[in-house]
Structure formats: C-alpha cells, structure tokens
Amino acid sequence: MTPPPGAIDAALSALPGPAPRVPPIPRYLEQAYWWAYVHPRAVHTFEREWLVNAILFGNYSRLRDAALAELGQSIRGRTLQIACVYGDLTPRLCRRLAPDARLDVIDVLPIQLANLARKLPPDPRVTLAHGDSTSLACADAAYDQVLLFFLLHEQPAHVRRATLAEAIRVAKPGGRIVMVDYHRPARWHPLRPLVAAVFRKLEPYATDLWDAEIETFLPARVGSAPAAKQTYYGGLYQKLVLIR
Ligand SMILES: C[S@@+](CC[C@H](N)C(=O)[O-])C[C@H]1O[C@@H](n2cnc3c(N)ncnc32)[C@H](O)[C@@H]1O
C-alpha cells in the first residue's frame, strides 16, 4: 500500500533485523540542488505543474507522455522508477498499472518520497523506498522496465555512470531502460544561449548531456543492442530506450 507521508522512514526503521543503511544525501544534491529538492520549502515551491512545465518550455506533458507511452498503455510486470519527479508523471503511471503489475519508486530524499506519497492514492501495487540510485537495494534482473526521468543531467559523470550501471543490473534480460532527459539542442535553437546560461548558473552537470551521448556513460559491457533515441523540441530533450 502506498505509505502515507512521513511513514517511509518509520516503516524502514521498524523492519526486523539490522537497521537498513540510510543513504546520506549525495554531495551534488546538497551543493547544487538544495534549492530544488532538499530545502524544506522546495516541494512547496516546485510542486506546481505550471512551473515544471515552464521550466521545460511547455514540453512537460509531451515528455511525460513520451515516457508513459514507452512503458505501455497498460503497464505489466515490475517497473522501477529511479527518483521522484514533480508533476503528475507517477500518478499517471500508477493509473496505467495492470492489476498484477508492481511499481517501486526509489529516491534518496525522504522529503521527496513523502511528497510523492501525498500525490498517490493508496495502492498495494506501489512501493516507495529510500535509496540511492548508485547502489540500489534490489536483486539483479528484478524489473521489466526501469524509468529515469530527468535524473541523469543532475548527476556528476561518475554518479551518472553508477546510476546507469545499477539501472542495467536490476533490469531483466530483454527489459527496457527508459530515459528522458536533456540533449544537445540544434545550433540554431533560439533557446540554446538561455539554457546554457541557466545550466552554468544552476545545473553544473547538465551540459555533459550536450557534450556526450548518454550511451557513453554506460558500462563498457553494454552496447550490443543499440539504444533507440528520439529527440524533441529542436533537440533540447531526448528519450533514450535501452534494451537490456
Ligand atoms: C528526477 S530528478 C529531476 C526531476 C525533474 N526536474 C522534476 O520535474 O522533478 C529529481 C529527484 O532525483 C532525486 N535524486 C537525485 N539524486 C539521486 C540519487 N543519487 N538517488 C536517488 N534519487 C536521487 C532527488 O531527490 C529528486 O527527488
């Protein structure tokens, strides 16, 4: 059952056996993204669909729907969403879950998990868990699909590599890793200078995704099946789907 706000850590600490390791807040989150996710007022400020949509220049619903379409109209099997997101992506994902499907959402910030819990109706198919994308407490090959929505651009390269390695590890052979994120826009893109300036000021690792394809951050052993890539809005955004 989707836990009520605040119950996630309480539930974790009530588990029998040794206390689960509580992941510390990663340095990059505290240093670069405290204002967006960590600060107690961050949720209050950013959990507004019009604001998320404005930050994405009106592309929020298009990108959200592209991710959902990739997962399926009726989502079967086990899905892992790595990191919460503002907006209604996860509530919509839940509405598509087949009766026997499961969704696990993992985030490193309890405040973000509590916010997501408030957005979801109680649902025994959905679990929210406190964890770090670089060391998932999940068995190998456990998930039919793994979703990463605008997480990778926020992570330094070595963290991004570890996140992708974990996403691949926990996906079943033949399972899909669906990523939606920034991408290098076309040279003529009128917003390119503005976005570059915002990245310089607020999103220090985001231009990595302008300088290199996401595949270059994948572990070396991956790469037999070419990933399917689609770009949006003059190339500013991308959806990349990798088959494990
Ligand atoms: C998915 S990203 C960005 C999403 C997008 N900007 C939006 O609309 O919300 C934001 C989330 O990633 C989470 N996050 C960042 N680094 C993480 C990590 N190493 N492990 C798990 N979650 C992480 C943050 O706590 C936050 O909830």
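Reader: Where does the ligand sit?
Author: In this predicted model, the ligand sits in the largest pocket, and about 790 Å³ of space lies in that pocket.

Reader: And which residues come nearest to the ligand?
Author: There are 20 residues around the ligand, and those that come nearest are Tyr28, Tyr86, Asp107, Ser133 and Phe150. Sorted by class, this shell has 13 nonpolar, four polar and three charged residues.

Reader: What lies 2.6 Å from an oxygen atom of the ligand?
Author: That is a polar side-chain atom of aspartate 107. As for nitrogen atoms of the ligand, one lies 2.8 Å from a backbone N or O atom of serine 133, and a nitrogen atom is also found 3.4 Å from an N or O atom in the side chain of glutamine 155.

Reader: How much of the ligand's area does the protein bury?
Author: The protein buries 95% of the 600 Å² that the ligand exposes when it is taken alone.

Reader: Switching to the pocket itself, how many residues line it?
Author: The largest pocket is lined by 39 residues, and Tyr37, Tyr86, Phe150, His153 and Glu154 are the ones that lie nearest its centre. By class, the lining has 30 nonpolar, five polar and four charged residues.

Reader: Which helix or strand supplies the largest share of that lining?
Author: The largest share, five residues, comes from α10, which spans 192-202. Other elements that each supply at least two residues of the lining include the helices α2 (27-32), α3 (34-38) and α5 (49-55), together with the strand β2 (102-107).

Key
Residues numbered from 1 in each chain as written. Predicted model: local features only at pLDDT ≥ 70, side-chain atom pairs only at ≥ 80, totals over all residues. Heavy atoms only, no water. Near = heavy atom within 4 Å. Polar contact = N/O pair within 3.5 Å; in protein donor to acceptor, adjacent residues only side chain to side chain. Areas by Shrake-Rupley, 256 points an atom, 1.4 Å probe, with all protein chains shown as cover. 1 Å grid on protein atoms, 1.4 Å probe; cavity = no way out; pocket = protein on both sides within 12 Å on 5 of 7 lines; lining within 4 Å. Sits in = over half its atoms within 2 Å of the grid points. Nonpolar A, V, L, I, M, F, W, Y, C, P; charged D, E, K, R; others polar. Points joined across faces, edges and corners; volume = space filled by probe spheres on them. Helix = DSSP H or I, 4+ residues; strand = E, 2+ residues; numbered from the N terminus.
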